[in-house]
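User: I am new to this structure and would like to learn how to read it. Please take me through its features one at a time.

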Amino acid sequence: MSAAAHAAPAPQASPGVGPPLWLLLELTYRCPLHCVFCYNPTDFARTGAELPTADWLRVLREARALGAVQLGLSGGEPLVREDLEAIVAEARALGYYVNLITSGVGLTRARIAALKAAGLDHIQLSFQDSTRELNDFLSSTRTFELKSQVAALIREYGYPMVLNVVLHRLNIDHVGQILEMAEAFGAQYVELANTQYYGWAWLNRDQLLPSRAQLERAEAVTQRFRERVAGRMQIYFVVPDYFETRPKACMQGLGSVFLAVAPDGIAMPCHAARMLPGLELPSVRDMDIRTIWYDSPAFNRFRGQSWMKEPCRSCPERSKDFGGCRCQAYLLTGDPDNADPVCDLSPHHGLVTSAVARAEAAAQGPPGSAAAPREQVLIFRDHRTSIPVVAGEQSAHR
Amino acid sequence: MTDMPDTVRPAIAQGLRLQWEPAQEAHVLLYPEGQVKLNGSAAAILSRCDGARTLADIVADLERSYGQSGLATDVRAFVVLAVQKRWLELRE
């Protein structure tokens with residue numbers, strides 16, 4: 001904490017709201033995978049019909065007119081949309097920098113050629129269903145072959161090979177093998193993103209949260225690997241929020257630069273914001289992007305600092321982290337206006353440290369011992385298990 | 001890097017894009033999931049890095065366009081920095 005930050009808290013919310021520079025279109029919640037750490041809403045099967053192509057194209061035009069320039073195409077698995085190429089072509093023609101975030105499932109030679117021709121700028125290949133795929137990788141089975149072929153196609157079509165791997169308790173000890181796999185794929189950039197606890201990952205939190213020792217080992221392995229591949233590969237390691245003592249500056253503040261649209265057309269100031277109570281999220285079906293961004297109550301709800309409670313309201317760091325993540329505050333404390341409990345200044349920080357302590361116990365105690373928590377089943381993201389999540393610490397330990 | 005010859009032909013790195021953004025009233029350099037907002041001189045240099053012009057050509061063009069001389073040191077320093085940041089790649 002620098003003296004400068006104490007001396008110069010940023011001004012209160014200015015009326016000058018900037019443009020939504022970052023547009024994320026979650027084109028579909030359909031996905032061939034069933035990841036236990038997916039951040040998609042746990043009741044995704046209840047959401048309405050997907051927007052038709054014409055509506056997505058209109059959203060692209062309206063947001064671009066406001067100044068949106070970075071476009072993420074995500075899901076679900078965006079490749080299940082047959083109009084993905086048409087959406088990419090329109091986006092590129094409008095001047096977006098177009099990023100595709102994909103598991104690679106469905107990325108055939110024909111499709112990557114069509115996407116390239118449509119002007120796709122960038123592909124981020126996610127190594128999604130890590131528990132199963134890691135096993136596949138270790139035994140050189142089918143999924144590894146598929147990912148390996150997709151990685152080769154991505155390089156062949158002149159894209160940098162960017163791999164995103166989600167880490168959690170069940171795979172973090174294999175980070176060395178994961179990095180070797182990334183190297184074998186010819187990855188130039190690897191993001192080792194520890195699971196954050198929203199959506200399906202929230203339901204599975206006590207099974208997925210690693211211990212501090214696991215995290216430190218994984219970081220050490222990553223650092224050694226980083227030194228070996230310096231100049232060829234860049235590796236980012238994202239620590240889970242739960243091990244921090246200050247919250248992330250989530251979305252640089254809600255309503256600041258980021259606008260997401262869900263498959264059914266619901267516009268959100270953060271891709272997890274659907275869970276927040278009392279936030280009447282507008283739909284692009286009945287409101288244009290300009291009105292949504294500048295005028296809708298949902299997008300103004302967390303702008304500025306007047307919504308903040310103590311300890312954020314008087315905190316010298318409030319202009320740096322904006323109180324952290326609203327969704328995390330809601331999930332853990334039941335109130336989205338509270339400080340993100342990741343912050344050790346939050347009176348609710350104990351909810352985070354106790355979750356970490358349970359993870360420690362689970363890592364140390366032999367299975368079935370008193371130290372280990374009761375075995376719980378992992379809930380795989382699936383239409384059959386799609387359920388609403390009730391906020392509050394208790395809901396994770398039903 | 002400091003001994004970069006005048007004959008290198010810098011180009012915007014593959015996968016990146018330089019464009020004018022009216023909403024930001026600036027040139028921006030776009031890269032995967034991010035952007036840099038450029039000031040006027042950075043934009044003037046980068047917009048001349050087309051992989052065809054040499055560093056010497058770029059300096060001469062800038063000096064002509066802005067009616068100044070002695071820009072070589074600053075332009076070279078920026079190009080070196082931009083290569084380090086992987087905004088530019090050098091073609092021989």
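Analyst: Start with a term needed for helix packing: an axis is a line fitted to C-alpha atoms, for a helix over the stretch in contact, and angles run from 0 to 180 degrees between N-to-C directions. In this predicted model, helix α7 (residues 175-184) of chain A and helix α10 (residues 212-228) of chain A have axes that come within 9 Å and cross at roughly 35°. The crossing of α7(A) past α10(A) is right-handed.

User: Which residues of α7(A) and α10(A) meet?

Analyst: From α7(A) they are V175(A), G176(A) and L179(A), and from α10(A) they are A218(A), V221(A), T222(A) and F225(A). By class, this contact has five nonpolar, two polar and no charged residues.

User: How is a packed pair of helices described in general? And at what angle do α2 and α3 of chain B pack?

Analyst: Two packed helices are described by the angle between their axes and the distance between the axes. In chain B, helix α2 (residues 55-66) and helix α3 (residues 72-84) pack at about 130°, and their axes are 10 Å apart. That angle makes α2(B) oblique to α3(B). The contact uses L55(B), I58(B), V59(B) and L62(B) from α2(B), together with A72(B), V75(B), R76(B) and V79(B) from α3(B). Seven of these residues are nonpolar, none is polar and one is charged. The crossing of α2(B) past α3(B) is right-handed.

User: Now the sheets. In what order do the nine strands of the chain A sheet lie?

Analyst: A general point comes before the case: in a regular strand the side chains alternate between the two faces of the sheet. The nine strands of chain A form an open sheet with mixed pairing, in the order β7-β6-β5-β4-β3-β2-β1-β8-β9. At its edges stand β7 (234-238) and β9 (267-268) of chain A; each has a single partner strand, so one side of each is left without a neighbour in the sheet. Within the sheet, β5 (residues 162-167) and β6 (residues 189-194) of chain A run parallel and are joined by six bridges. One example is V162(A), whose bridge partner in β6(A) is Y189(A).

User: Which strands form the sheet of chain B, and what is their pairing?

Analyst: It is an open sheet of three strands, ordered β2-β3-β4, with antiparallel pairing. The edge strands, β2 (17-21) and β4 (34-37) of chain B, each pair on one side only. On average, neighbouring strands are turned by 30° against each other, direction ignored. β2(B) pairs with β3 (residues 26-31) of chain B over five bridges, and R17(B) has L30(B) in β3(B) as its bridge partner. β3(B) and β4(B) pair over four bridges, with V36(B) in β4(B) as the bridge partner of L29(B). β3(B) and β4(B) also form a hairpin with two residues between them, and E33(B) in the turn has a positive phi of about 55°.

User: What backbone details should I look for in the loops of chain A?

Analyst: Look at omega and phi. The peptide bond from G75(A) to G76(A) is cis, with omega near 5°, and G76(A) lies in the loop between β2 (70-74) and α3 (84-94) of chain A. Another cis peptide bond joins E310(A) and P311(A), with omega about 10°; P311(A) is in the loop between α12 (297-300) and α13 (318-321) of chain A. As for phi, Q252(A) has a positive value of about 55° although it is not a glycine. Q252(A) sits in the loop between β7 and β8 (258-261) of chain A.

User: How many residues of each chain are in contact between A and B?

Analyst: 14 residues of chain A contact twelve residues of chain B. On the chain A side, seven are nonpolar, six polar and one charged.

User: Where does pLDDT stay under 50 in chain A?

Analyst: Where pLDDT is low, the predicted coordinates should not be read in detail. In chain A, pLDDT stays under 50 over residues 367-375, for which the model has twelve contacts beyond four places in sequence. It also stays under 50 over residues 385-398 of chain A, with 26 such contacts. Chain A averages a pLDDT of 84, and 82% of its residues score at least 70. Chain B averages 93, with 98% scoring at least 70. The model scores ipTM 0.92 and pTM 0.86.

Note on methods:
Residues numbered from 1 in each chain as written. Chains lettered and ligands numbered in written order. Predicted model: local features only at pLDDT ≥ 70, side-chain atom pairs only at ≥ 80, totals over all residues. Parallel < 35°, antiparallel > 145°, perpendicular 65-115°, else oblique. Left-handed = near helix turned anticlockwise from the far one by under 90°. Contact = placed C-beta atoms within 7 Å. Nonpolar A, V, L, I, M, F, W, Y, C, P; charged D, E, K, R; others polar. pLDDT = per-residue confidence, 0-100. Pairing = 2+ DSSP bridges.
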